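Here are some exercises for you to work through with the model open beside you. Try each task on your own before reading its solution.

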Amino acid sequence: MRMLVFPYGHDCEPIIRHADLLKPCYEIAALVSPGGWGLAGKDVRLGNTGTALVVHEFVEEVTEEFDSLFIPTFEVIDEEVEGRLTNEIVKLIPRLSHIICSARLCDVNKSKLKTLCLQTGSSCDFLDLSAQKEEEMCGLSASIEKDPPLKLLDVPVVIVAGWWEKTDKFEISLSLRERFLQEGYCLSQIGSRNGCEMFGFHSFPEFMFRKNIDAVDKIIYFNRWIGQLVREEQPDLVLITIPGAIQNFSEQFTKGFGILHYQVFQAVLPDALVMCTFYMPDAMKALAEMSQSCKYRFDASVDVFHMSNLFVDINGSEESKHIITNSIYREAVDRALAQRYADSPIPIFNSLNEEECNRMFDVLIEKLTPKDTRAVF
């Protein structure tokens, strides 16, 4: 599939930067970002291929050939914006043979796309969690009733978690995947977004978000589900990235209170924990306290931090009633880490920097290496 990506936004950047990890059947041909999103006209490199694409503002500007459309996850400001974007997609459908939608569209817009695709003979796959198949639940209910204890895994587990959303969790998980695969490891991986199957690994299971499943049962379900993957795929290690935030940001911004993280940590005890945080110019004590909190809440201390280039606008967030973030240059993150975090007992990296990510990978390998034989895993 030669895919046009629309609407291309910041949330889609990890997919583009790691495009070489996509399955061979997917090829990104063109990018279109709506006016006002601040990306039109920029050159974007596709993974390590050396190929660069110019981000278009209008579909009419696209000169590259494409036969498919990928609708990535994007932040919906309101229904009107989603409606306008959907109408732009509708205009494209007669030119398409296939649509892959990772965004969580409202039912009305989903129905609109499905109806037109049916009329034109195009296929349309919705990858949002609500559309996942029931197969992931097969056999799990029966195993809980007959054998409730948790099953221990016989392979190492690495968990990537985030203090909050938009702290580069998905990006870090793809970077680590690339390095583990380059070193020849067989990997079972669970991603924090839907549509991870395009990269050859698993999206986070839908049953963990169902309101009609008991919280305790979810822990057992997840434990059994991971165990099933390990039996089927026979990996050298398991890499899990958890969606959402590990804890509430404040009394006003709760984001689920970290309950999903608690359930995952109860189901699977990690051998290594990567924590992604906002940019904080001088907060070594706060990061150490976070690691201690993880130790007491989850029995898993933080092994390595990644610091993103986003910081929270506290005043703006309180005014708007939702978290507002601003960005700084990544070079400023590098300077802060070198000047103020060099003595941190827990390594802190800007892992979007390739050299820093390699260092993070080395720390994880060291953590996962038996200290007596020095044989990896």
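**Exercise 1. Find the contacts of serine 122 and describe its setting.**

Step 1. Setting aside neighbours within four places in sequence, serine 122 is in contact (heavy atoms within 4.5 Å) with Ile93, Leu96, Ser97 and Cys117.

Step 2. Now place the residue: serine 122 sits in the loop between helix 3 (107-120) and strand 7 (123-126). Helices (H or I, at least four residues) and strands (E, at least two) are DSSP runs, numbered from the N terminus.

Step 3. Is serine 122 buried or exposed? Its relative accessible area is 10%, so serine 122 is buried. The classes are buried under 20% relative accessible area, exposed over 50%, and partly exposed in between, using a 1.4 Å probe and protein chains only.

Step 4. Finally, look at the side chain: one of its polar atoms lies 2.6 Å from the backbone oxygen of leucine 96.

A word on the source: this is a predicted model, in which local features need pLDDT of at least 70 and side-chain atom pairs count only at pLDDT 80 or more, while totals for chains, interfaces and linings use all residues. Residues are numbered from 1 along each chain as its sequence is written, and side-chain values use heavy atoms, with hydrogens and water left out.

**Exercise 2. Work out which partners the side chain of serine 203 has.**

Step 1. Serine 203 belongs to strand 10 (residues 202-203).

Step 2. Its relative accessibility is 4%, so serine 203 counts as buried.

Step 3. The side chain of serine 203 makes a polar contact with the side chain of glutamate 197 at 2.7 Å. A polar contact is a pair of N or O atoms within 3.5 Å; within protein, one must be able to donate a hydrogen and the other to accept it, and residues adjacent in sequence count only if both atoms are side-chain atoms.

Step 4. The serine 203 side chain also reaches the backbone nitrogen of glycine 195, at 3.1 Å.

**Exercise 3. Describe how helix 6 packs against helix 7.**

Step 1. Two packed helices are described by the angle between their axes and the distance between the axes. For helix 6 (residues 215-233) and helix 7 (residues 259-267), the axes come within 8 Å and cross at roughly 50°. Axes here are lines fitted to C-alpha atoms, for helices over the stretch in contact, and angles run from 0 to 180 degrees between N-to-C directions.

Step 2. That angle makes helix 6 oblique to helix 7. Under 35 degrees counts as roughly parallel, over 145 as roughly antiparallel, 65 to 115 as roughly perpendicular, and the rest as oblique.

Step 3. List the residues: Ala215, Lys218, Ile219, Phe222 and Asn223 of helix 6 make the contact with Gln263, Val264, Gln266 and Ala267 of helix 7.

Step 4. Sort them by type: five are nonpolar, three polar and one charged. Here Ala, Val, Leu, Ile, Met, Phe, Trp, Tyr, Cys and Pro count as nonpolar, Asp, Glu, Lys and Arg as charged, and the others, Gly among them, as polar.

Step 5. Which residues of helix 7 are buried? They are Leu260, His261, Gln263, Val264, Phe265 and Ala267. Their cover includes strand 8 (157-162), helix 6, strand 12 (272-277) and helix 8 (284-298).

**Exercise 4. Repeat the analysis for helix 5 and helix 11.**

Step 1. The axes of helix 5 (residues 169-182) and helix 11 (residues 354-368) come within 10 Å and cross at roughly 70°.

Step 2. The two helices are therefore roughly perpendicular to each other.

Step 3. On the helix 5 side you will find Ile172, Ser175, Leu176, Arg179 and Phe180; these meet Glu354, Cys357, Asn358, Met360, Phe361, Leu364 and Ile365 in helix 11.

Step 4. By type, the residues of this contact divide into eight nonpolar, two polar and two charged.

**Exercise 5. Characterise arginine 177 in helix 5.**

Step 1. Arginine 177 has a relative accessible area of 8%, so it is buried.

Step 2. Leaving out residues up to four places away in sequence, arginine 177 touches Leu21, Leu187, Gln189, Phe199, Gly200, Phe201 and Leu239.

Step 3. A polar atom of the arginine 177 side chain lies 3.4 Å from the backbone oxygen of phenylalanine 199.
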